[in-house]
Amino acid sequence: MHQGSKTSEHIPVLLEQTLTYLDPKGGDSYLDLTGGYGGHASAVLERTKAPKHTVLIDRDPAAVKSLRDRFGEYGVDIRHADFYSASKKLAEEGKQFDMILADLGVSSPHLNQASRGFSISKDGPLDMRMDTTQELTAEIVLNSYSEAALADILRRYGEEPKARTIAALIVQERPLKSTKELATLVAKAWPGHSKVHPATRTFQALRVAVNNELGLLEASLPIWIDTLLAPGGRLAIISFHSLEDRMVKQAFAQAGGDRYDATLRILTKHPVVGDESEIVFNPRARSAKLRAALKQK
Ligand SMILES: C[S@@+](CC[C@H](N)C(=O)[O-])C[C@H]1O[C@@H](n2cnc3c(N)ncnc32)[C@H](O)[C@@H]1O
């Protein structure tokens with residue numbers, strides 16, 4: 001399978017570990033729920049040589065274009081959708097897969113392109129949409145939600161201890177237009193020394209809210225486990241956020257365990273994390289956690 005020379009600035013995280021748990025074999029079918037720039041997909045396809053049994057999903061039109069450029073000519077089924085809508089559709093179509101991967105969150109191009117509005121260090125519009133066809137942006141959230149709703153988002157999705165202070169500052173200073181304005185505003189709530197930028201939690205919380213990241217994951221997990229994963233199939237999920245990891249852990253525990261009728265056999269007792277050498281070359285790997293499970297036959 002063609003690797004593509006400009007495989008983007010995105011380096012797939014925990015690639016070898018993911019392949020170990022997905023365990024691709026010639027002819028296996030594969031569903032990649034977060035195709036991104038095709039790093040994981042390319043490595044899987046190298047092993048399965050089964051593009052016609054491969055479905056790649058992404059909600060970002062730029063990622064979908066890149067996936068089509070890279071894999072379209074081989075007959076891979078590439079769909080622009082959020083993974084919940086795509087999963088419901090695939091279930092209606094009666095599809096099942098030997099391997100399913102969800103590598104959650106944002107890609108490096110999201111963080112590196114100021115215009116996408118995800119980055120604290122680059123000034124850009126307050127956008128933060130993974131799907132640029134979606135209406136809701138961070139600007140709408142920041143400039144129209146009530147102070148209480150903003151504090152709730154910062155507390156729930158960012159675990160931000162100063163959620164109320166920051167929400168009050170936002171309401172006082174709005175309308176806000178740029179990521180720099182927001183980052184500077186939040187820094188006011190955290191004077192003094194800080195290891196990470198004080199707005200890190202705020203940016204994360206807004207991103208999760210704008211993209212409904214937790215809601216879509218929660219709704220999708222049962223479809224992946226109960227319906228789309230074929231008997232004997234392997235499911236791997238890489239998360240970057242403690243709330244996501246907790247959700248995956250709970251869904252696996254509910255379907256797994258040592259009951260006689262368990263749906264899943266959990267392959268990772270503890271989440272798999274990147275080693276120092278990976279983290280040096282790929283800082284995104286620092287917070288990555290991989291969990292994997294096998295569907296009982
Ligand atoms: C971490 S990147 C995946 C990178 C990919 N594994 C690779 O090797 O290139 C996550 C991708 O998932 C997409 N994404 C995140 N949440 C999604 C969702 N709920 N539905 C569909 N795509 C999603 C993002 O747009 C992004 O392109």
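Q: A cavity is a set of grid points where a 1.4 Å probe fits but cannot get out; how many cavities of 30 Å³ or more does a search of the whole structure find?
A: The search of the whole structure, which is a predicted model, finds 1 cavity of 30 Å³ or more. About 360 Å³ of space lies in this largest cavity.

Q: What makes a residue part of the lining of the largest cavity, and which residues lie nearest its centre?
A: A residue counts as lining when it has an atom within 4 Å of a point, and 29 residues line the largest cavity, with Thr34, Asp58, Asp103, Leu104 and Gly105 lying nearest its centre. Among the helices, α2 (39-48) and α11 each supply at least two of the lining residues, and α11 gives the most, with 3 residues. Sorted by class, the lining of the largest cavity holds 10 nonpolar, 11 polar and 8 charged residues.

Q: Why is the largest pocket called a pocket, and how much space lies in it?
A: A pocket is an open set of points, whereas in a cavity the probe cannot get out, and about 940 Å³ of space lies in the largest pocket. Its lining consists of 27 residues, and Val106, Leu111, Thr200, Arg207 and Ser287 are the closest to its centre. Two or more lining residues come from each of α5 (108-112) and α10 (200-210), and α10 provides the largest share, 4 residues. By class, the lining of the largest pocket divides into 11 nonpolar, 11 polar and 5 charged residues.

Q: Why are α7 and α10 called roughly perpendicular?
A: The axes of helix α7 (residues 147-158) and α10 cross at roughly 100 degrees and come within 8 Å. Angles of 65 to 115 degrees count as roughly perpendicular, and α7 and α10 are therefore described as roughly perpendicular to each other. On the α7 side, the contact is made by Ile153, Leu154, Tyr157 and Gly158, and on the α10 side by Arg201, Thr202, Gln204, Ala205, Leu206, Val208 and Ala209. The contact of α7 with α10 has, by class, 7 nonpolar, 3 polar and 1 charged residues.

Q: Which elements give two or more residues to the lining of the second largest pocket, and how much space lies in this pocket?
A: About 260 Å³ of space lies in the second largest pocket, and the elements giving two or more residues to its lining are α11 (213-228) and α12 (242-255). The largest share, 7 residues, comes from α12. Among the residues lining the second largest pocket are Glu218, Leu221, Asp226, Arg246, Met247 and Gln254.

Q: What makes a lining residue charged, and how many such residues has the second largest pocket?
A: Asp, Glu, Lys and Arg count as charged, and the lining of the second largest pocket has 3 charged residues, together with 7 nonpolar and 2 polar ones.

Methods: Residues numbered from 1 in each chain as written. Predicted model: local features only at pLDDT ≥ 70, side-chain atom pairs only at ≥ 80, totals over all residues. Heavy atoms only, no water. 1 Å grid on protein atoms, 1.4 Å probe; cavity = no way out; pocket = protein on both sides within 12 Å on 5 of 7 lines; lining within 4 Å. Points joined across faces, edges and corners; volume = space filled by probe spheres on them. Axes fitted to C-alpha atoms, helices over the stretch in contact; angles between N-to-C directions. Parallel < 35°, antiparallel > 145°, perpendicular 65-115°, else oblique. Contact = heavy atoms within 4.5 Å.
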